[in-house]
Amino acid sequence: TRKKRNQFLDLIKGSNFKGEPSAGTYFQVLDYSDITDENDVDFSRRLVKDHKLATIPVSVFNIGQQDNKQLRFCFAKNDETLEKAAQIMNRII
């Protein structure tokens, strides 16, 4: 999992998504506050609709659905899928 996580994070270094490397999971939490003020549910929906990029809004796991402008990305994907996702993420400003 560490190899895939590092690969994913390396691929999105040019993006406006920010986060610390995750540990012990197949998901990377990334902050998107430099991109938009949208809440995480709305931004996640827009990423699917406009970019075909599926994410999980973190607020759905929080008590009171507190929105910290973070999304979860699954990096347990094949190289081609990670590269496609990174290309999309690197274009979002």
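## Ground rules

Here a residue is called buried when its relative accessible area is under 20%, exposed when it is over 50%, and partly exposed in between (1.4 Å probe, protein chains only). Helices (H or I, at least four residues) and strands (E, at least two) are DSSP runs, numbered from the N terminus.

What you're looking at is a predicted model, in which local features need pLDDT of at least 70 and side-chain atom pairs count only at pLDDT 80 or more, while totals for chains, interfaces and linings use all residues. Residues are numbered from 1 along each chain as its sequence is written, and side-chain values use heavy atoms, with hydrogens and water left out.

## The whole chain

Start with the big picture: the protein chain has 3 helices and 3 strands, and they come in the order α-β-α-β-β-α along the sequence. Its radius of gyration is 12 Å, close to the 12 Å that the globule rule gives for 93 residues, so the chain is as compact as a globular protein of that length. (That radius is taken over C-alpha atoms, and the rule is 2.2 Å times the number of residues to the power 0.38.) Along its principal axes, the C-alpha trace spans about 35 × 30 × 20 Å.

Of the 93 residues, 33% count as buried. The chain exposes about 5,800 Å², and carbon and sulfur atoms supply 49% of that; the areas come from the Shrake-Rupley method with a 1.4 Å probe, and for residues only the protein chains shown count as cover. As for contacts (heavy atoms within 4.5 Å), take those between residues at least 6 apart in sequence: 56% of them join residues at least 24 apart.

Helix α2 covers residues 40-51, which makes 12 residues. From first C-alpha to last it reaches 15 Å, close to the 16 Å expected at 1.5 Å a residue (the expected span is 1.5 Å times one less than the number of residues). On the buried side sit D40, F43, S44 and L47. These four cover an arc of only 100 degrees around the axis, which puts them on the same side of α2; the arc is that of the directions from the helix axis to the C-beta atoms. An α-helix has 3.6 residues a turn, so residues three or four places apart point the same way.

What do the buried residues of α2 pack against? Their partners are β2 (56-57) and β3 (70-74). Turn to the face pointing away from the buried side and you'll find the exposed residues R45 and K49.

The two ends are worth a look too. At the start, a side-chain oxygen of N39 comes to within 3.1 Å of the backbone nitrogen of V41. Just after the helix, K52 takes a positive phi of about 60 degrees.

## F43, up close

F43 lies in helix α2 and counts as buried, at 0% relative accessibility. Leaving aside neighbours within four places in sequence, F43 is in contact with F17, Y32, I35, T36, E38, L71 and I92.

## The loop between β2 and β3

S59 lies in this loop and is buried, with a relative accessible area of 4%. Not counting residues up to four places away in sequence, S59 touches D40, V41, Q65, Q66 and D67.

Q65 is found in the loop between β2 and β3 as well, but this residue is exposed, with a relative accessible area of 54%. Most residues other than glycine have a negative phi. Phi of Q65, though, is positive, near 50 degrees. K69 also has its place in the loop, and its phi is positive too, near 60 degrees.

Terms used: A polar contact is a pair of N or O atoms within 3.5 Å; within protein, one must be able to donate a hydrogen and the other to accept it, and residues adjacent in sequence count only if both atoms are side-chain atoms.
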